[in-house]
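The following note sets out points for a colleague who is examining this structure.

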Amino acid sequence: MFDARPYRGELFDWLGMVDPGTGPEDVYGLALETAVQGQAAVCDVTVYAPALHAAALRRAARFLAARGLALGTLDTGDTFGGLSTIPRWDAEIEALERPFRLGAFA
């Protein structure tokens, strides 16, 4: 039961929600695919254990919870336009992009 990657229904059970029926191409599908792919980038998933299953659900839930949050921001004052987003300081962007980075940040 928990020895395979989670599917959409399991994500909604984990979140305690009813699937809104918007389809696999919605933000919930994106969250689940991002979670599973991110996990595969840093873990050996050839034998999918219950711990990996639970971790993927938590990754997807974290993705959904962070939507709309202003992470990695800097107040540049009125002179420079106020609040600026700095992706390198955003923990969620860092986690999503880490496996794909081409070079070091100087």
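1. A residue counts as buried when its relative accessible area is under 20%, as exposed when that area is over 50%, and as partly exposed in between. Leu 11 has a relative accessible area of 0% and is therefore buried. The model under discussion is predicted, and the values in the points below should be read accordingly.

2. Overall architecture. The protein contains 4 helices and 2 strands. Read from the N terminus, the order of elements is α-α-α-β-β-α. Of its 106 residues, 28% count as buried. The accessible surface amounts to about 7,300 Å², and carbon and sulfur atoms account for 61% of that area. Where contacts join residues at least 6 apart in sequence, 46% of them link residues at least 24 apart.

3. Helix α1. This helix covers residues 8–15, and its buried residues are Arg 8, Glu 10, Leu 11 and Phe 12. These buried residues pack against α2 and α3. After α1 comes Gly 16, which has a positive phi, near 70 degrees.

4. Leu 11 in its setting. Which residues does Leu 11 contact, leaving aside its neighbours within four places in sequence? They are Tyr 28, Leu 32, Leu 57, Ala 60 and Leu 64. Leu 11 itself belongs to helix α1.

5. The contact of α1 with α2. The axes of these two helices come within 10 Å and cross at roughly 100 degrees. Angles of 65 to 115 degrees count as roughly perpendicular, and α1 and α2 are therefore described as roughly perpendicular to each other. On the α1 side the contact involves Arg 8, Leu 11 and Phe 12, which meet Tyr 28, Gly 29 and Leu 32 of α2. By residue class, this contact of α1 with α2 comprises 4 nonpolar, 1 polar and 1 charged.

6. The aromatic pair. The structure holds 1 aromatic pair. The ring centres of Phe 12 and Tyr 28 are 4.9 Å apart and the ring planes stand at 55 degrees, so the pair is tilted. The pair links distant parts of the chain, with Phe 12 in helix α1 and Tyr 28 in helix α2, 16 residues apart. Are the two partners buried or exposed? Phe 12 has a relative accessible area of 2% and is therefore buried. Tyr 28, at 17% relative accessibility, also counts as buried, because the cut-off lies at 20%.

7. Val 36. This residue lies in helix α2. With a relative accessible area of 11%, Val 36 is buried. Apart from neighbours within four places in sequence, Val 36 is in contact with Arg 5, Pro 6 and Ala 56.

8. Ala 49 and Ala 51. Ala 49 is located in the loop between α2 (27–42) and α3 (50–65). Its relative accessible area is 31%, so Ala 49 is partly exposed. Ala 51 lies in helix α3 and counts as exposed, at 59% relative accessibility. Ala 49 and Met 1 are 48 residues apart in sequence, with 9.9 Å between their C-alpha atoms. Ala 51 and Asp 3 are also 48 residues apart in sequence, and their C-alpha atoms are 8.8 Å apart.

Methods: Residues are numbered from 1 along each chain as its sequence is written. This is a predicted model: local features need pLDDT of at least 70, side-chain atom pairs count only at pLDDT 80 or more; totals for chains, interfaces and linings use all residues. Side-chain values use heavy atoms; hydrogens and water are left out. Buried means under 20% relative accessible area, exposed over 50%, partly exposed in between (1.4 Å probe, protein chains only). Contact means heavy atoms within 4.5 Å. Accessible areas come from the Shrake-Rupley method with a 1.4 Å probe; for residues, only the protein chains shown count as cover. Rings of Phe, Tyr and Trp (its six-membered ring) pair if their centres lie within 6.5 Å; planes under 30 degrees apart count as stacked, over 60 as edge-to-face and the rest as tilted. Axes are lines fitted to C-alpha atoms, for helices over the stretch in contact, and angles run from 0 to 180 degrees between N-to-C directions. Angles under 35 degrees count as roughly parallel, over 145 as roughly antiparallel, 65 to 115 as roughly perpendicular and the rest as oblique. Ala, Val, Leu, Ile, Met, Phe, Trp, Tyr, Cys and Pro count as nonpolar, Asp, Glu, Lys and Arg as charged, and the others, Gly among them, as polar.
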